[in-house]
Amino acid sequence: MIALYPGSFDPLTYGHLDLIERAARLFERVIVAVLRNPAKTPLFTVEERLSQIQKAVCHIDNVDVESFDGLTVAFARVRGARVLLRGLRAVSDFEAELQMAQTNRTLASQVETLFLSTSTEYSFLSSSVVKGVAQFGGAVGHMVPGHIEQELRQRFVWEERT
């Protein structure tokens, strides 16, 4: 069975990577799908995010990384995915995720949404937190893979603050 893990991944965090690794053990194939959302102004381009994720998951044979636009369920159908993966960090995520899952179910009843709880050590993590810390020169090496940390340093032109 194919599972689709959609998101902005701006940037990918260790929380995302944890979910991808765990999903890869559960499904025959996992597609990490980066949404092209014209309504948002991301820090990294879609192409940069695709490259970041591909480097981070290169050790996992059954994971592909792609981009898409439009409805997630439409992309899932095109790729033959019957499961949408969503991570839950806390109860506060649940309400919005449940609403989206129910909406998607009305659009494509053959596509199920599966929620995976985030591992405890990453439950505080979000891409927004990473960007906020990085913007002010804080250490993010424990939040994102090394190559993404380097790109954040370049993007924010960190000054050495030791």
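Trainee: Which side chains meet in a salt bridge with Glu48, and how do I read such a pair?

Mentor: The general idea is a distance test: a salt bridge is a side-chain nitrogen of Lys or Arg within 4 Å of a carboxyl oxygen of Asp or Glu. Here the partner of Glu48 is Arg155, at 2.9 Å from N to O. This pair links distant parts of the chain, with Arg155 in helix H6 (residues 146-156) and Glu48 in helix H2, 107 residues apart. Helices (H or I, at least four residues) and strands (E, at least two) are DSSP runs, numbered from the N terminus.

Trainee: What should I know about the model itself?

Mentor: This is a predicted model, in which local features need pLDDT of at least 70, side-chain atom pairs count only at pLDDT 80 or more, and totals for chains, interfaces and linings use all residues. Residues are numbered from 1 along each chain as its sequence is written, and side-chain values use heavy atoms, with hydrogens and water left out.

Trainee: How many salt bridges does the structure hold?

Mentor: There are ten. One of them joins Arg105 and Glu112, at 2.9 Å from N to O. Another is formed by Arg153 with Glu149, whose closest N and O atoms are 3.6 Å apart. Both of these residues lie in helix H6, four residues apart, about one turn of the helix. Salt bridges that share partners also join Arg29, Asp64, Glu66 and Arg79 into one network.

Trainee: Is Glu149 buried or exposed?

Mentor: We go by relative accessible area: buried means under 20%, exposed over 50%, and partly exposed in between (1.4 Å probe, protein chains only). Glu149 has 15%, so Glu149 is buried.

Trainee: Which side chain of opposite charge is nearest to Arg49?

Mentor: For charge, Lys and Arg count as positive and Asp and Glu as negative, while His and the chain ends are not counted. For Arg49 the nearest opposite charge is Asp10, 4.1 Å away; Arg49 is buried yet has no salt bridge. You will find Arg49 in helix H2 (residues 46-57). A contact means heavy atoms within 4.5 Å. Leaving out residues up to four places away in sequence, Arg49 touches Ser8, Phe9, Asp10, Val34, Leu35, Pro42 and Phe44.

Trainee: How many aromatic pairs are there, and how do I read one?

Mentor: A pair of aromatic rings is described by the distance of the centres and the angle of the planes. Rings of Phe, Tyr and Trp (its six-membered ring) pair if their centres lie within 6.5 Å; planes under 30 degrees apart count as stacked, over 60 as edge-to-face and the rest as tilted. By this rule the count is four. Among them is the tilted pair of Tyr14 and Tyr122, 6.3 Å centre to centre with 35° between the planes. Tyr14 lies in helix H1 (residues 14-26) and Tyr122 in the loop between strand S5 (112-117) and helix H5 (127-135), so the pair ties together parts that are 108 residues apart in sequence.

Trainee: What pattern does the protein chain follow along the sequence?

Mentor: Its pattern is β-α-β-α-β-α-β-α-β-α-α, with six helices and five strands. Of its 162 residues, 46% are buried.
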